[in-house]
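Please look through the sequence and the model below, and keep both at hand while you read.

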Amino acid sequence: MHARILALMEVKGSDDGVDLLEVVITGGSIIGIDQATALLTKVKDSERKVRIAHLTFHHLVPQDSAPKILALLSEGEMKMLQKLLGSLSVEFTPNNPTGTHKLNLGVAEERSIGNNLRSWRCAEGTIQEVADKLVAQMLGGRRDFIEKVWRNCTLNGGAWPYRNHVQFPAVGELCFDYTKLSRPQDENREVESISDTRWGFFIEEIEGWEGD
């Protein structure tokens, strides 16, 4: 099936496949990273390649696979994608917050990201507490607490451990590692990638356009 996908996306001068992909995704579907990379790997036209990357970037399963999309783009294509997404969106996306963050608290957008991550840390904390209780029941009993979500936090280079009720200062550089413990299916049990059956129908419909 991948061979047919690549052949269709390489049809010179045709955007029909990308247009239908846009319909599928804007209709609420998400796709697997293998499906997305299959579309991108052999597409030669940069404009179509960037468009596919833009459509799929926030709609992937697993959620942390967006860097694999970026790895398939040239430097010029990356710049085109950044113009569409915004540079912060390439580094940070709400559905994939895991990673190392460096935020300028004096910039409203970056401060908002920090506040949102702190709110999500509270929700993730519940999962961490459940995990810690399970570990405590194992051989050896309760272990020392280790923060799993919000780690290695510094403010202007100095240690600044996570504290839920302490507001961020108005200015400063906040750096920390964030690990998302919950999975998409924990938040919405209906989340799943587009099925092979629907993907097959998608490809068959594109193939029907080749003779048009």
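Helix α4 (residues 46-56) packs against helix α6 (residues 75-85) at an angle of about 45 degrees, and their axes are 10 Å apart. The model is a predicted one, in which local features need pLDDT of at least 70 and side-chain atom pairs count only at pLDDT 80 or more, while totals for chains, interfaces and linings use all residues. Residues are numbered from 1 along each chain as its sequence is written, and side-chain values use heavy atoms, with hydrogens and water left out.

**Two helices in contact**

- Helices here are DSSP runs of H or I with at least four residues, strands are runs of E with at least two, and both are numbered from the N terminus.
- The axes are lines fitted to C-alpha atoms, for helices over the stretch in contact, and the angles run from 0 to 180 degrees between N-to-C directions.
- Angles under 35 degrees count as roughly parallel, over 145 as roughly antiparallel, 65 to 115 as roughly perpendicular and the rest as oblique, and α4 and α6 are therefore oblique to each other.
- The crossing of α4 with α6 is right-handed, a term used if the near helix is turned clockwise from the far one by less than a right angle.
- On the α4 side the contact (heavy atoms within 4.5 Å) is made by Ser-46, Glu-47, Lys-49, Val-50, Ala-53 and His-54, and on the α6 side by Glu-77, Met-80, Leu-81, Leu-84 and Leu-85.
- The residues of this contact between α4 and α6 divide into 6 nonpolar, 2 polar and 3 charged, where Ala, Val, Leu, Ile, Met, Phe, Trp, Tyr, Cys and Pro count as nonpolar, Asp, Glu, Lys and Arg as charged, and the others, Gly among them, as polar.

**Buried residues in helices**

- Buried means under 20% relative accessible area, exposed means over 50%, and partly exposed lies in between, with a 1.4 Å probe and protein chains only.
- Helix α3 is mostly covered, since 7 of its 9 residues are buried, and these are Ile-33, Gln-35, Ala-36, Thr-37, Ala-38, Leu-39 and Leu-40.
- Gln-35, which belongs to helix α3 (residues 33-41), counts as buried because its relative accessibility is 9%.
- Apart from neighbours within four places in sequence, Gln-35 is in contact with Ile-194, Asp-196 and Trp-199.
- Arg-121 lies in helix α8 (residues 108-136) and is buried, because its relative accessible area is 10%.
- When residues up to four places away in sequence are not counted, Arg-121 touches Glu-147, Val-149, Trp-150, Tyr-162 and Tyr-178.
- Arg-121 and Val-149 are 28 residues apart in sequence, but in space they are 6.6 Å apart, C-alpha to C-alpha.

**Two exposed asparagines**

- Asn-152, placed in strand β4 (residues 150-155), is exposed, because its relative accessible area is 57%.
- Asn-156 sits in the loop between β4 and β5 (158-159) and is exposed, because its relative accessible area is 55%.
- Phi of Asn-152 is near 55 degrees, a positive value in a residue other than glycine, and phi of Asn-156 is near 55 degrees, again a positive value in a residue other than glycine.

**Cysteines**

- A disulfide is a covalent bond between the sulfur atoms of two cysteines.
- A search of the whole structure finds 0 disulfides, counted as pairs of cysteine sulfur atoms within 2.5 Å.
- Cys-153 is in no disulfide, and the nearest cysteine sulfur, that of Cys-175, is 8.0 Å away.
- Cys-153 is buried, because its relative accessible area is 8%, and Cys-175 is buried, because its relative accessible area is 17%.
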